[in-house]
Amino acid sequence: MNRKLGILVLLALVILFAGCSKEEDNVPLRELEKISINVIKEQKMKQGISYEMELVNKSDLTIKQNNVFLSYPLKMKNGYSDNKFKVLAEGNKLNIKPKQKVKLTAFLPYKGTNKAA
């Protein structure tokens, strides 16, 4: 997985974790590590990139609500910076049970980035 895509997926995971809950306020890190988002397909198009992903809940907890957002990091002279532009993935749902998989899709347009045609 390339660096840009890794940063993109990391953002999605951080946002996802905020939605995990049982009846505790603090979810143990070992449970969060059992939740993953895998990129199944990345398709580059003229207007942007389309992603198909699979969220896998291997934890013992139900994910009460998930909102996966994707964003490109902004390339700066000395590294990368956050980008306030985000796209909400389609397919998010409530109450993702343990061992359940959910398909997600997102389209990130090039418009507004240095890759714009």
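Strands here are DSSP runs of E with at least two residues, while helices are runs of H or I with at least four, and both are numbered from the N terminus. Please keep in mind that this is a predicted model, where local features need pLDDT of at least 70, side-chain atom pairs count only at pLDDT 80 or more, and totals for chains, interfaces and linings use all residues. Residues are numbered from 1 along each chain as its sequence is written, and side-chain values use heavy atoms, with hydrogens and water left out.

Is E54 buried or exposed? E54 counts as buried, because its relative accessibility is 17%; the cut-offs are under 20% relative accessible area for buried, over 50% for exposed, and partly exposed in between, with a 1.4 Å probe and protein chains only.

Now, its surroundings. Leaving out residues up to four places away in sequence, E54 touches S36, I37, N38, I40, K101, V102 and K103, where a contact means heavy atoms within 4.5 Å.

Three strands form an open sheet in the order 2-3-10, with antiparallel pairing; two strands pair if DSSP finds at least two bridges between them. Strand 2 and strand 10 are the edge strands, each pairing on one side only. On average, neighbouring strands of this sheet are turned by 20 degrees against each other, direction ignored; the axes are lines fitted to C-alpha atoms, and angles run from 0 to 180 degrees between N-to-C directions.

How many bridges join strand 3 to strand 10? There are 9, and 9 bridges also join strand 2 to strand 3. Strand 2 and strand 3 form a hairpin with 3 residues between them, and K41 stands opposite E52 in strand 3.

Next, the largest nonpolar core, which has 18 residues; M53, L55, V68, L70 and L104 touch the most other members. Strand 2 (35–44), strand 3 and strand 10 (101–109) each supply at least two residues of this core. Such a core is a set of buried Ala, Val, Leu, Ile, Met, Phe, Trp, Tyr and Cys residues joined through side-chain atoms within 4.5 Å.

Two more stops. P98 lies in the loop between strand 9 (94–96) and strand 10, and at 30% relative accessibility it counts as partly exposed. P98 and N57 are 41 residues apart in sequence, yet 5.5 Å apart in space, C-alpha to C-alpha. S81, in strand 7 (residues 79–81), is partly exposed too, with a relative accessible area of 32%.

Finally, the whole chain. It has 2 helices and 10 strands, and 34% of its 117 residues are buried. Among contacts between residues at least 6 apart in sequence, 61% join residues at least 24 apart.
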